[in-house]
Amino acid sequence: MARISLTPPHTLLNRLAAWYSRRTYGKVLDPGLAVGHHARVLLTYVRQERGAAKWNRLDQGLKHLAVMAAAARINCSWCMDFGHWEADALGLPRGKAAKVPRWRDHQEDFTELELLVLDYAEAMTETEPRVTDELAAALVERLGEAAFVELTAMVALENYRSRINSAFGLTSQGFSEACAVRSRM
């Protein structure tokens, strides 16, 4: 159960945010409703997300794995649920997203670079980050500096999202169920 009301003030900004959310995702996202209690925080949140959506130096699949690993490490059920839907929307293999929380037990299902990205996302997400010089150097060598900066920023952004959602007590909104079984029409 959410620790904050999911009925923010009925302002123009919140109505626009709800319209955009329904149009883009098919429903109003709970994090938007929770943050909607503070207009400036909502505007900053939206600007940050819209800006991050334009970053393009890091492969989308790697970016998504990093985001999912950070969300899994924080144990944000809302982010994990939404992450499955995003993986489906990106056309990523369904099984891969499902294995991210226990990726160390399924290393054979990930490439060497994906394993480095997953390890890095977890290392950054620890309460006391455990990123090593060797791990960072391996990623810079494989990705290049611009993509490494983007990877680092995406993991930090997911930490922000997951920690807010977890603190608000937000849980699954049913996104993963929407992509679990496709019709065979």
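1. Basis of the note. The structure is a predicted model, in which local features need pLDDT of at least 70 and side-chain atom pairs count only at pLDDT 80 or more, while totals for chains, interfaces and linings use all residues. Residues are numbered from 1 along each chain as its sequence is written, and side-chain values use heavy atoms, with hydrogens and water left out.

2. Confidence. The protein chain has a mean pLDDT of 93, and 96% of its residues reach 70 or more, pLDDT being the predictor's confidence in each residue on a scale from 0 to 100. Over residues 180-185, however, the pLDDT is below 50, and beyond near neighbours in sequence this stretch has 3 contacts in the model, a contact meaning heavy atoms within 4.5 Å. Where pLDDT is low, the predicted coordinates should not be read in detail.

3. The largest pocket. About 1200 Å³ of space lies in the largest pocket, and of the 43 residues that line this pocket, Tyr25, Leu29, Glu49, Phe82 and Glu86 are the closest to its centre. A pocket here is an open set of points on a 1 Å grid over the protein atoms alone, where a 1.4 Å probe fits and where protein lies on both sides within 12 Å along at least five of seven lines; lining residues have an atom within 4 Å of a point. The volume is the space filled by probe spheres set on the points, with grid points joined across faces, edges and corners.

4. What lines the pocket. At least two lining residues come from each of α1 (12-25), α2 (30-35), α3 (39-52), α4 (60-74), α5 (77-90) and α9 (145-168), where helices are DSSP runs (H or I, at least four residues) numbered from the N terminus. Helix α1 gives the most to the lining, with 10 residues. By residue class, the lining divides into 29 nonpolar, 8 polar and 6 charged residues; Ala, Val, Leu, Ile, Met, Phe, Trp, Tyr, Cys and Pro count as nonpolar, Asp, Glu, Lys and Arg as charged, and the others, Gly among them, as polar.

5. The whole structure holds 12 salt bridges, each defined as a side-chain nitrogen of Lys or Arg within 4 Å of a carboxyl oxygen of Asp or Glu. One of them joins lysine 99 to aspartate 109, with the closest N and O atoms 2.8 Å apart. Lysine 99 lies in helix α6 (residues 94-99) and aspartate 109 in the loop between α6 and α7 (112-125), so this pair ties together parts that are 10 residues apart in sequence. Lysine 99 is partly exposed at 27% relative accessible area, and aspartate 109 is also partly exposed, at 29% (buried means under 20%, exposed over 50% and partly exposed in between, with a 1.4 Å probe and protein chains only).

6. Further salt bridges. Arginine 102 and aspartate 105 meet through their side chains at 2.8 Å, N to O; arginine 102 is exposed at 53%, whereas aspartate 105 is partly exposed at 46%. A salt bridge of 2.7 Å, N to O, links glutamate 158 and arginine 161, which are 3 residues apart in helix α9 and therefore separated by about one helical turn. Glutamate 158 is buried, with 3% relative accessibility, and arginine 161 is buried as well, with 14%.

7. Asparagine 75. In the loop between α4 and α5, asparagine 75 has a positive phi near 70° although this residue is not glycine. Most residues other than glycine have a negative phi. Asparagine 75 is exposed, with 63% relative accessibility.

8. Glutamine 173 sits in the loop between α9 and α10 (175-180) and is buried at 16% relative accessible area. Leaving out residues up to four places away in sequence, glutamine 173 touches Lys27, Val28, Leu29, Asp30, Pro31, Trp78 and Asp81. Lysine 96, found in helix α6, touches Leu65, Asp109, Phe110 and Glu114 when residues up to four places away in sequence are not counted. Lysine 96 and phenylalanine 110 are 14 residues apart in sequence and 7.8 Å apart in space, C-alpha to C-alpha.
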